[in-house]
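Here's a quick briefing on a protein model, put together for someone who likes cut-offs spelled out. Have a look at the structure first, then we'll walk through it.

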Amino acid sequence: TQELPEEIKIYATPNPFRGSTNVKFTIPKEGVVNLTVYDIMGREVYTNATFRTKGEHSEEIDFNSLNVSSGTYMIRVSLQKENGQRATTVKVAYIK
């Protein structure tokens with residue numbers, strides 16, 4: 001069997017995008033995953049916490065429904081662990 005990486009892997013496609021983007025991520029173990037979108041000023045514009053099993057996952061984020069303007073956003077995926085938290089971030093460009 002293939003070993004999963006210890007860190008979280010993340011990417012968004014398409015990027016840049018209009019409307020929505022599909023965030024794909026791989027987590028090394030099961031747990032509560034927080035997927036959060038921040039604007040360039042660091043303000044949280046979207047968050048979703050879901051229990052996930054280890055492995056590959058994806059989530060569609062519809063930026064049209066977030067009522068935000070065109071620009072650069074950071075999408076962060078974090079995994080709560082017993083000894084802290086693991087997280088990684090991807091930068092995306094939203095074009096209205």
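Let's start at a strand pairing: Asp39 has Tyr73 as its bridge partner in E6. Strands here (E, at least two residues) are DSSP runs, as are helices (H or I, at least four), and they're numbered from the N terminus. Two strands count as paired if DSSP finds at least two bridges between them. Keep in mind that this is a predicted model, where local features need pLDDT of at least 70 and side-chain atom pairs count only at pLDDT 80 or more, while totals for chains, interfaces and linings use all residues. Residues are numbered from 1 along each chain as its sequence is written, and side-chain values use heavy atoms, with hydrogens and water left out.

**The four-stranded sheet**

- The strands of this open sheet come in the order E4-E3-E6-E7, with antiparallel pairing.
- Strand E4 (44–52) and strand E7 (84–94) sit at the edges, each pairing on one side only.
- From one strand to the next, the twist averages 15 degrees; for such angles, axes are lines fitted to C-alpha atoms (for helices, over the stretch in contact), and values run from 0 to 180 degrees between N-to-C directions.

**Strand E3 and its partners**

- E3 (residues 31–39) runs antiparallel to E6 (residues 71–81), and seven bridges join the two.
- E3 and E4 make a hairpin with four residues between them, and Gly42 in the turn has a positive phi of about 90 degrees.
- How much of E3 is covered? Mostly: seven of its nine residues are buried, where buried means under 20% relative accessible area, exposed over 50%, and partly exposed in between (1.4 Å probe, protein chains only).

**Salt bridges**

- How many salt bridges does a search of the whole structure find? It finds three, a salt bridge being a side-chain nitrogen of Lys or Arg within 4 Å of a carboxyl oxygen of Asp or Glu.
- Asp39 turns up again here, bridging to Arg43 with the closest N and O atoms 2.8 Å apart. Asp39 is buried at 11% relative accessible area, whereas Arg43 is exposed at 51%.
- Glu59 and Arg52 meet through their side chains at 3.2 Å, N to O. Glu59 is buried at 11% relative accessibility, and Arg52 is buried too, at 14%.
- Glu7 and Lys9 make another salt bridge, at 3.0 Å from N to O. Glu7 is partly exposed at 38%, and Lys9 is partly exposed at 43%.
- The general idea is simple: side chains of opposite charge can pair when their charged atoms come close.

**The nonpolar core**

- The largest nonpolar core has 21 residues, of which Phe25, Ile61, Phe63, Ile75 and Val92 touch the most other members. A core of this kind is a set of buried Ala, Val, Leu, Ile, Met, Phe, Trp, Tyr and Cys residues joined through side-chain atoms within 4.5 Å.
- Leaving aside neighbours within four places in sequence, Val92 is in contact (heavy atoms within 4.5 Å) with Ala12, Asn15, Phe17, Phe63, Gly71, Thr72, Tyr73 and Ile75.

**Around E1 and E2**

- Pro14 lies in the loop between strand E1 (9–13) and strand E2 (20–27), and is partly exposed at 45% relative accessibility.
- Not counting residues up to four places away in sequence, Pro14 touches Ser20 and Thr21.
- The C-alpha atoms of Pro14 and Val90 are separated by 12 Å, with the two residues 76 apart along the chain.
- Asn22 is found in strand E2 and is buried, at 17% relative accessibility.
- With neighbours within four places in sequence set aside, Asn22 contacts Tyr11, Ala12, Thr13, Ser58, Glu59 and Glu60. Among them, Glu59 is the residue whose side chain meets Arg52 in a salt bridge.
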